[in-house]
Amino acid sequence: MRNKKFCFFKKKPKDTFLAGLLVPIGGHMEGYEINEPLKACFREIEEETGLKSDYIDNLTLRYILIRLKDNQEVRIQYVFFGRVSKSSTLIESDEGSLVWVDYKDIANKNVSATTNEIVNHYSNTGESSEKVYVGSMKSSKGNPEITWGLLEDWELPIFI
């Protein structure tokens, strides 16, 4: 992962959600996007950075995170990785500012435990694979922990 940088969105200190943290570009899916997370991802990227899909290469689903919130709501998060050219022009959003962070510096930045877990898994396992990983989030002695598994088709092909 040498010389790789990730684009983060720095939330304003007064935000009600993840205030002051560096967060990956993203947001919520609209109702019409519920079966098209890639479409939602492209929309969120454009809204928060100004980048249109033509300037993003190889945007690929790499992670699906699942967690239970307040013991009643199942939350699903889709995580995509892609590449943009260094010459791409990013715009600033009213919600915060964009920051490029070297991979090696992410652990020392103000990021969520979830973001840190994803980046660590990606650097150790995910980057060298084209597979999609599913993470189940839980608390381990008060600290967030993700248990990873592969998303695979369980049906084997039938040979005749």
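A residue is called buried when its relative accessible area is under 20%, exposed when that area is over 50%, and partly exposed in between, with a 1.4 Å probe and protein chains only. The structure described here is a predicted model, in which local features need pLDDT of at least 70 and side-chain atom pairs count only at pLDDT 80 or more, whereas totals for chains, interfaces and linings use all residues. Residues are numbered from 1 along each chain as its sequence is written, and side-chain values use heavy atoms, with hydrogens and water left out.

The chain contains two helices and seven strands, where helices (H or I, at least four residues) and strands (E, at least two) are DSSP runs numbered from the N terminus. In sequence order these elements follow the pattern β-β-α-β-β-β-α-β-β. The radius of gyration, taken over C-alpha atoms, is 17 Å, close to the 15 Å that the globule rule gives for 160 residues, so the chain is as compact as a globular protein of that length; the rule itself is 2.2 Å times the number of residues to the power 0.38. Along its principal axes the C-alpha trace spans about 55 × 40 × 40 Å. Of the 160 residues in the chain, 30% are buried. Contacts (heavy atoms within 4.5 Å) between residues at least 6 apart in sequence join, in 52% of cases, residues at least 24 apart.

Aromatic side chains were examined as ring pairs, for which rings of Phe, Tyr and Trp (its six-membered ring) must have centres within 6.5 Å; planes under 30 degrees apart count as stacked, over 60 as edge-to-face and the rest as tilted. In one of them, Phe 81 and Tyr 122, the ring centres lie 3.9 Å apart and the planes stand at 5 degrees, so the pair is stacked. Because Phe 81 belongs to strand β4 and Tyr 122 to helix α2 (residues 113–124), the pair ties together parts that are 41 residues apart in sequence. Phe 81 is buried, at a relative accessible area of 13%, and Tyr 122 is also buried, at 10%. Both residues belong to a cluster in which ring pairs link Phe 6, Tyr 63, Phe 81, Tyr 122, Tyr 133 and Trp 148.
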